[in-house]
Every structure is written in C-alpha cells, then in structure tokens.
Amino acid sequence: MTTPADTTARAALDVEQAYALIHDGLKPVHGWEQVAIRGALGRVLSQDVIAPHNVPAHDNSAMDGYAIRTDDCTSGATLNIVGTAFAGNAFSGIVGPGQAVRIMTGAMVPRGADCIVPQEEVIQADKQTVQIPVGRKAGQNIRRAGEDLAQGEPALCAGKRIGPAELGLIASLGIAEVTVYRRLRVAFFSTGDEVASIGKPLAPGQIYDSNRYTLYGALTRLGCEVLDMGVIPDRPDMLEAAFRDAAAAADVILTSGGVSVGEADFIKEMVNRLGQVAFWKINIKPGRPMAFGKLDKTWLFGLPGNPVAVMVTFYQFVQDALLALMGVSPLPARPLLAARCTATIRKRPGRREFVRAIVQAEPAGWAVAPTGAQGSGVLRSMSDANCFIVLPEAQADVAEGDAVAVQLFDGLI
C-alpha cells in the first residue's frame, strides 16, 4: 500500500484519489477450493473453465424447416422428403440430389445437406415433397459446431464471479465442479458508548446499533465469511484488543464510528500506532470521515458512525475493494444514467454528494427526485430510494428540470 508522507495531514482526498489509494496493492486472497456448481453461485473462479468439447457439439439447425442441398434449388426445385431429424434423434441417412429432410430446431444437420430452409419460406410442402424457392445459400440457418465455444478454449476466465448464466454455461459443458477462491473473511464491529445492541434497554442518550446489521447484509450478499464482533465501548484497551483479535482472524476489518474528530475517537490514534494509515477523510457527503489502512496483513476500513454515511462509503469504496480481494477481475462497471430532476436540490460547491432518490420512467424520459430529508442519520431515505443522484464537486444548486447523473441501486446494492 502506497502512503504518501503527507496524505493523512492534508485536507480530504478527492474520490478518485481515495479510490486509487485503496486499490494500490490489493491482490486476491490466497487459497482456493473445489465446489460443486450448485454451491458456486456468487463465488469467484480462481482458474479458467476450459471447454472439454465444442458447443454446440455438432452442426445443428437454427430453425424448424428443411435440410437441403443448395445445388438443388437453383430454379425452385421440388424435392422428395426422405426423413425427419429431431433434436436428440438425428437422421441417419445422407441427403442426396433431389432430396430434403424435415428438420427441427437444434437437430443435427444431416450429412449431404448444407442449408436449412425455414418452413415459413417454402413455396409449398406436403408429407412427401417440398418446393424450395431460389436464392438459397450454403450455411444459411446452420449453427456450426464450436460456434459458441471451441474445445480446449476458456469458457469462463479466472476472476469471473459466477451468476445464474455462468452456472448454466458450466452445466452445459458437463462440468460438475469448479475451482474458486476461498471466501474472504471480514471482521466487523461498531464502536461507541452511545451504541446499544438489540435486546438491551437503551440508556439515556443511547441508540440501537443498525450499522452492524447493514454491514452484515451487504457482506453476506457479497458472499463473504463474516465475523460479527459486536459493539466495542470507547475504551482504548477494549478497542485495541478488538483490533488485534480481528487482524488475527480476518482478511479485512470494518468498523463503524470513531473516525471523526472528537474526544472519544480513539481509533485514529490506535490505528496509527498499530498499523499504517493511508487517509482519514474523503471529500464527499455523506461520509467525509472514513479511514483506510492496514494492520499487519489485514486491510482496515473505518467507516463513519451515521447509518447513511456507512452505506454510501461502503458502496462507493469498500465493496469494489472487497470484490478485488475476492479475485473479481475486471471489476464491474458503474454506469451513470442521465435523468431530469423534478425538484430543487440545494448544494454548495466543494464536495461530491450522493443524494438518495427515486428514479422512474416517464413519457419524456427518465425523471428523478430526492426521497426527502437527506440527513446522514435518516436510514429510511436509503430504504425508500432506488438510486443516488451523484452531484460532482463543482456542482452548485440543482434547479427543477436540470439534468443530473443517477447511479442505480440495482446492481450496486
């Protein structure tokens, strides 16, 4: 991890600077295992999946129709039907001059035939004969052996995260097991005397801990092996023990709370003493106080304490880092959608802001509006939203009707 000497002393980093520092030096975890394909969903391939045979395995028909010889249709010939080819039940003979075979989609192309004429294009047909129009070309409506995958070539490359389509592709090759990276181990805990665990009565000034449950959900959906270490009070000895235990057990540590400026914020001092810190602030809203560093061989992300800030920093910075450590390559793109804002948004230039919003299709195109109150503690604003409006650093107020960039939750969260 590269850490410029003045990084922690400077003002908050730009989004791109922070992202680059996070990804400098990230490498996939060591270790892999073989799993059955039903257990491979969400896992990341550590080795290429090689096609053991051609897909499709043989030339086959792309249409229901008739397998013919193109030499026979120069003048609209009437051909004798000598058999039928079904998918899984091939015609065993040879198509000779003046002959045709009735063929179904997916059926092996009979020997001698070099073209499939779709049934809706023939001039006339009965059980014995078919009249073929002129102008047929060799290879029409035939899917060639190996057209999708050639034997011996990679069907899926290492670094691919396995989804439903990949499961089907692997199964289509007759492969029962694949080799994947081991699960990424992530330890997480909340900090602060003001944070109470569910099931305990609230003392004056306390709030229930939602951040651990948000992070549990996000990490579980990624397929991480999670270690929930609970709520750690604002006591240096207990915090240090928690950091040491987490570093010994996990590849990554996630904390929430304790990274802003305050009398009880021990984490900054402690991490500086126990490990290496790249930065403490990012120029965004919400989520400005965010720490990134390393304790020995374990990566550390210190997230803010406010619930929405936790989600914003996780999805904008932490998630891609975890995917990289899981072995995903290349990382998924995050396209932005252009939409018309239907409300006024107040903003001062200087920080990149992520506004929780609802985007929907209207006759004139995409339209988007904030969900309402945008405080970093208003967790319902995330539950109600389906996107972020992403306002760049130089952006000032947004007027009703202005075009804005939208980052959809679908595929992000």
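Me: How many bridges join strand 13 (residues 185-191) to strand 17 (residues 252-256)?
Reply: This is a predicted model, in which local features need pLDDT of at least 70 and side-chain atom pairs count only at pLDDT 80 or more, while totals for chains, interfaces and linings use all residues. Residues are numbered from 1 along each chain as its sequence is written, and side-chain values use heavy atoms, with hydrogens and water left out. Helices (H or I, at least four residues) and strands (E, at least two) are DSSP runs numbered from the N terminus, and two strands pair if DSSP finds at least two bridges between them. Strand 13 and strand 17 run parallel, and the number of bridges that join them is five.

Me: Which residue in strand 17 stands opposite V186?
Reply: Strands of a sheet pair through backbone hydrogen bonds, either parallel or antiparallel. For strand 13 and strand 17 the sense is parallel, and the residue standing opposite V186 in strand 17 is V252.

Me: In what order do the six strands of this open sheet, with its mixed pairing, follow one another?
Reply: The sheet is open and its pairing is mixed, with its six strands in the order 16-13-17-21-20-18. Strand 16 (225-232) and strand 18 (276-281) are the edge strands, each pairing on one side only. With direction ignored, neighbouring strands are turned against each other by 15 degrees on average, where axes are lines fitted to C-alpha atoms (for helices over the stretch in contact) and angles run from 0 to 180 degrees between N-to-C directions.

Me: What angle does the direction of helix 3 (residues 211-222) make with that of strand 13?
Reply: Helix 3 packs on the sheet, touching strand 13, strand 16, strand 17 and strand 21 (298-303), where contact means heavy atoms within 4.5 Å. Its direction makes with that of strand 13 an angle of about 165 degrees.

Me: What angle does the direction of helix 4 (residues 236-249) make with that of strand 16?
Reply: Helix 4 also packs on the sheet, and the strands that it touches are strand 13, strand 16, strand 17, strand 20 (289-295) and strand 21. The angle between the directions of helix 4 and strand 16 is about 175 degrees.

Me: What volume does the largest cavity have?
Reply: A cavity is found on a 1 Å grid over the protein atoms alone, as a set of points where a 1.4 Å probe fits but cannot get out, and its lining residues have an atom within 4 Å of a point. Grid points are joined across faces, edges and corners, and a volume is the space filled by probe spheres set on the points. The structure holds one cavity of 30 Å³ or more, and the volume of the largest cavity is about 70 Å³.

Me: How many charged residues does the lining of the largest cavity have?
Reply: Among the residues that line the largest cavity are R43, R182, R183, L184 and M326. Ala, Val, Leu, Ile, Met, Phe, Trp, Tyr, Cys and Pro count as nonpolar, Asp, Glu, Lys and Arg as charged, and the others, Gly among them, as polar. By class, the lining has six nonpolar and two polar residues, and the number of charged ones is three.

Me: Which loop holds P56?
Reply: A cis peptide bond, with omega about -5 degrees, joins V55 and P56. The place of P56 is the loop between strand 2 (49-50) and strand 3 (60-61).

Me: Is D296 buried or exposed?
Reply: D296 lies in the loop between strand 20 and strand 21, and its phi is near 60 degrees, a positive value in a residue other than glycine. Buried means under 20% relative accessible area, exposed over 50%, and partly exposed in between (1.4 Å probe, protein chains only). Because its relative accessibility is 68%, D296 counts as exposed.

Me: Is S46 buried or exposed?
Reply: S46 belongs to the loop between strand 1 (32-36) and strand 2. Not counting residues up to four places away in sequence, it touches W32, A158, T179, V180 and Y181. Its relative accessibility is 17%, so S46 counts as buried.

Me: Which residue of strand 24 is the bridge partner of E362?
Reply: Strand 23 (residues 352-362) and strand 24 pair in the antiparallel sense over six bridges, and they form a hairpin with two residues between them. The bridge partner of E362 in strand 24 is G365.

Terms used:
1 Å grid on protein atoms, 1.4 Å probe; cavity = no way out; pocket = protein on both sides within 12 Å on 5 of 7 lines; lining within 4 Å.
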